Amino acid sequence: MKKNFFDVPRTYYTTSHTRTQVPMFFFKMAARIINYFIDYDRVLPKLEGTGLKPCRFFKNKAMVSLIFFNYQQVTIGGYDEVVISIMVYPEALGAPSCPLSTILFVKKGDWWGNLGAYVLEMPVTIPAARAAGREIWGFPKFLTTIPYSLAGNHFEFGVDDPDTSEAIVRVKGKMGAGFSASAFDLVSFNNYEDTVFRVVTEVSGKMKNCLCKGVEVKTGPSEHRMARNIRDLGLEEAKPFALMSSDYLQTRLNPGKPVVEWKSPPLPYRYEQEEAFYERQYDLLGESK
């Protein structure tokens with residue numbers, strides 16, 4: 001772990017749920033990251049209206065990741081999260097020349113340039129995480145239950161439909177042979193306040209890069225948007241090319257920075273507290289004029 005990793009300046013935001021520190025500190029967390037190469041034309045429609053394009057890898061493939069995070073000690077309280085992400089670049093900045101080498105050999109997020117991950121889905125298990133993710137960073141979070149089990153080399157996790165309690169997805173697998181290396185920082189691009197927004201999450205710790213054994217992804221009976229996205233991307237039939245795992249990471253989720261102007265499409269999964277929060281912000285803006 002990096003010495004003095006959390007010794008950085010902080011600011012505070014008031015969300016519709018609570019007062020939140022930024023950078024957000026994750027003092028202890030586990031991760032399972034399943035990486036796929038998916039047909040480019042299958043991925044492209046998921047970015048319509050975002051100002052972002054999928055990075056092209058070999059044989060006209062795009063990179064999609066299915067991720068489970070178990071956040072055990074966090075400044076807003078422990079919670080769990082599942083992410084579906086797509087490796088992208090802002091269309092206005094042009095395509096990166098060699099995205100795979102950037103991912104493999106460049107460790108610091110600030111050096112990734114115009115390459116990053118677009119978050120398509122991000123269910124979480126506590127209201128504070130939902131509010132902060134949506135209102136400070138523009139992530140498409142929704143609140144639900146996320147069952148999981150991490151036992152040695154085996155792992156299982158899932159996401160439940162918050163409206164029907166049906167399974168959206170269930171995932172299981174086993175980590176095969178691999179090697180450990182320093183974890184690299186994570187970069188994301190998304191839409192926030194009519195910009196393409198870049199967020200760097202700095203990471204401290206070791207990540208095991210390993211082969212996948214018997215990874216299974218199965219959607220349940222739910223017709224939730226996340227279930228449809230998994231089916232549309234073909235993750236149930238796809239074979240992952242790599243698995244990354246760690247049971248002890250530390251991260252700092254930094255404030256985001258606008259990259260280019262872009263009309264933000266509405267976030268999915270709006271909820272009542274958030275609507276009241278935005279209405280209050282608009283009222284305050286009106287009062288200040």
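Me: What does lysine 172 form a salt bridge with, and how far apart are the closest N and O atoms?
Reply: Lysine 172 pairs with glutamate 216, with the closest N and O atoms 3.9 Å apart. A salt bridge here is a side-chain nitrogen of Lys or Arg within 4 Å of a carboxyl oxygen of Asp or Glu. Lysine 172 sits in strand 11 (residues 167-182) and glutamate 216 in strand 13, so the pair ties together parts 44 residues apart in sequence. Helices (H or I, at least four residues) and strands (E, at least two) are DSSP runs, numbered from the N terminus.

Me: What should I know about the model and the numbering?
Reply: It's a predicted model, where local features need pLDDT of at least 70 and side-chain atom pairs count only at pLDDT 80 or more, while totals for chains, interfaces and linings use all residues. Residues are numbered from 1 along each chain as its sequence is written, and side-chain values use heavy atoms, with hydrogens and water left out.

Me: Back to that pair: is lysine 172 buried or exposed, or in between? And glutamate 216?
Reply: Lysine 172 has 39% relative accessibility, so it counts as partly exposed. Glutamate 216 is partly exposed too, with a relative accessible area of 34%. The cut-offs: buried is under 20% relative accessible area, exposed is over 50%, and partly exposed is in between (1.4 Å probe, protein chains only).

Me: Which residues do salt bridges with shared partners join into that network?
Reply: Lys172, Glu216 and Lys218 are joined into one network.

Me: How many salt bridges does the count come to?
Reply: The count comes to 11. One of them is lysine 61 with aspartate 39, where the closest N and O atoms are 2.5 Å apart. Lysine 61 is in strand 5 and aspartate 39 in strand 3, so this pair ties together parts 22 residues apart in sequence. Lysine 61 comes out at 22% relative accessibility and so counts as partly exposed, and aspartate 39, at 42%, is partly exposed as well.

Me: Which residue does aspartate 232 form a salt bridge with?
Reply: Aspartate 232 has lysine 46 as its partner, closest N and O atoms 2.6 Å apart. That pair links distant parts of the chain: aspartate 232 is in helix 4 (residues 225-233), lysine 46 is in the loop between helix 1 (40-43) and strand 4 (52-54), and they're 186 residues apart. Lysine 46 counts as buried because its relative accessibility is 17%, while aspartate 232 is partly exposed at 39%.

Me: OK, switching to rings. How many aromatic pairs does the structure hold?
Reply: There are 16 aromatic pairs. Rings of Phe, Tyr and Trp (its six-membered ring) pair if their centres lie within 6.5 Å; planes under 30 degrees apart are stacked, over 60 edge-to-face, and the rest tilted. Take phenylalanine 68 and tyrosine 148: centres 5.1 Å apart and planes at 40°, so that pair is tilted. It links distant parts of the chain, with phenylalanine 68 in strand 5 (residues 61-74) and tyrosine 148 in strand 9 (residues 148-151), 80 residues apart.

Me: Where do those two stand on accessibility?
Reply: Phenylalanine 68 is at 0% and so counts as buried; tyrosine 148 is partly exposed at 39%. Another tilted pair is tyrosine 192 with phenylalanine 197, 4.7 Å centre to centre and 50° between the planes. Both tyrosine 192 and phenylalanine 197 are buried.

Me: Which residues do ring pairs link into a cluster?
Reply: Phe5, Phe6, Phe25 and Phe27.

Me: What sits over the ring of tyrosine 12?
Reply: The charged end of arginine 19 does, 4.1 Å from the ring centre. The rule wants NZ of Lys or CZ of Arg within 6 Å of the ring centre and within 35 degrees of the ring normal. Arginine 56 likewise lies over the face of tyrosine 40, at 3.7 Å from the ring centre.

Me: Last one: how do the residues lining the largest cavity divide by type?
Reply: They divide into 10 nonpolar, one polar and no charged. Nonpolar means Ala, Val, Leu, Ile, Met, Phe, Trp, Tyr, Cys and Pro, charged means Asp, Glu, Lys and Arg, and the others, Gly among them, are polar. Strand 14 gives the largest share of that lining, three residues.
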